[in-house]
Amino acid sequence: MQLQSTISLNQLKIYAYHGCYAEEQIVGNWFLVDLSLDVNAGKAAESDNIADALNYVEAYEIVRREMAIKSHLLENVAMRICTALRAAFDSEKLIGGTLKIAKLAPPVGGEMHSVSVTMRF
């Protein structure tokens with residue numbers, strides 16, 4: 001049965017080393033990641049078996065792994081995460097999704113909560 005659902009991983013707080021300035025790649029910064037995965041949950045909902053579901057622990061590990069690789073641009077990090085998610089999960093389970101990465105207190109010369117990139121895949 002087709003049963004489209006969304007699995008959301010909300011506000012994953014990760015310390016990483018992304019940025020165009022050398023200091024950002026040395027000192028690092030806090031990032032918040034929001035990931036929404038559009039899935040076909042029909043088989044998992046019927047079977048109650050994790051093998052039939054999209055395992056969000058695996059999705060979290062992909063985000064964590066890709067966030068650990070230094071990048072100059074958030075767009076690059078986001079693209080790597082989206083590509084890795086598509087590669088990791090069967091297209092019958094993963095329909096698509098939305099990823100948002102926010103850099104907290106970016107170095108812009110003024111006070112700002114965050115700057116973010118949102119990518120749909």
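# Close-up views of a predicted model

View A. Helices (H or I, at least four residues) and strands (E, at least two) are DSSP runs, numbered from the N terminus. The model is predicted, so local features need pLDDT of at least 70 and side-chain atom pairs pLDDT 80 or more, whereas totals for chains, interfaces and linings use all residues. Residues are numbered from 1 along each chain as its sequence is written, and side-chain values use heavy atoms, without hydrogens or water.

**View B. The buried residues of α4 and what covers them.** Leu 74, Val 77, Ala 78, Arg 80, Ile 81, Cys 82, Ala 84 and Leu 85 are the buried residues of this helix. Buried means under 20% relative accessible area, exposed over 50%, and partly exposed in between (1.4 Å probe, protein chains only). An α-helix has 3.6 residues a turn, so residues three or four places apart point the same way. The cover over the buried residues of α4 includes β2 (29-40), α3, β3 (94-104) and β4; contact means heavy atoms within 4.5 Å.

**View C. Leu 73 in the loop that leads from α3 (56-67) to α4 (74-88).** Leu 73 counts as partly exposed because its relative accessible area is 44%. Gly 19 is 54 residues away from Leu 73 in sequence, yet their C-alpha atoms are 6.0 Å apart.

**View D. The largest pocket, with about 200 Å³ of space.** Gly 19, Cys 20, Glu 24, His 72 and Lys 103 are the closest to its centre among the 14 lining residues. Both α4 and β4 (114-120) supply at least two residues each to this lining. By class, the lining of the largest pocket holds nine nonpolar, two polar and three charged residues. On a 1 Å grid over the protein atoms alone, a pocket is an open set of points where a 1.4 Å probe fits, with protein on both sides within 12 Å along at least five of seven lines, and lining residues have an atom within 4 Å of a point. The volume is the space filled by probe spheres set on the points.

**View E. The second largest pocket, with about 170 Å³ of space.** Its lining is made up of Met 1, Asn 40, Gly 42, Lys 43, Ala 51, Asp 52, Asp 90, Glu 92 and Lys 93. Two of these residues are nonpolar, two polar and five charged. Asp, Glu, Lys and Arg count as charged; Ala, Val, Leu, Ile, Met, Phe, Trp, Tyr, Cys and Pro as nonpolar; the others, Gly among them, as polar.

**View F. Ring pairs link Tyr 15, Tyr 17 and Trp 30 into a cluster.** The whole structure holds two aromatic pairs. The ring centres of Tyr 15 and Tyr 17 are 5.7 Å apart and their planes lie at 80°, so this pair is edge-to-face. Tyr 15 and Trp 30 also form an edge-to-face pair, at 5.0 Å centre to centre and 80° between the planes. This second pair links distant parts of the chain, with Tyr 15 in strand β1 (residues 4-16) and Trp 30 in strand β2, 15 residues apart. Rings of Phe, Tyr and Trp (its six-membered ring) pair if their centres lie within 6.5 Å; planes under 30 degrees apart count as stacked, over 60 as edge-to-face and the rest as tilted. Relative accessible area is 36% for Tyr 15, 30% for Tyr 17 and 38% for Trp 30.
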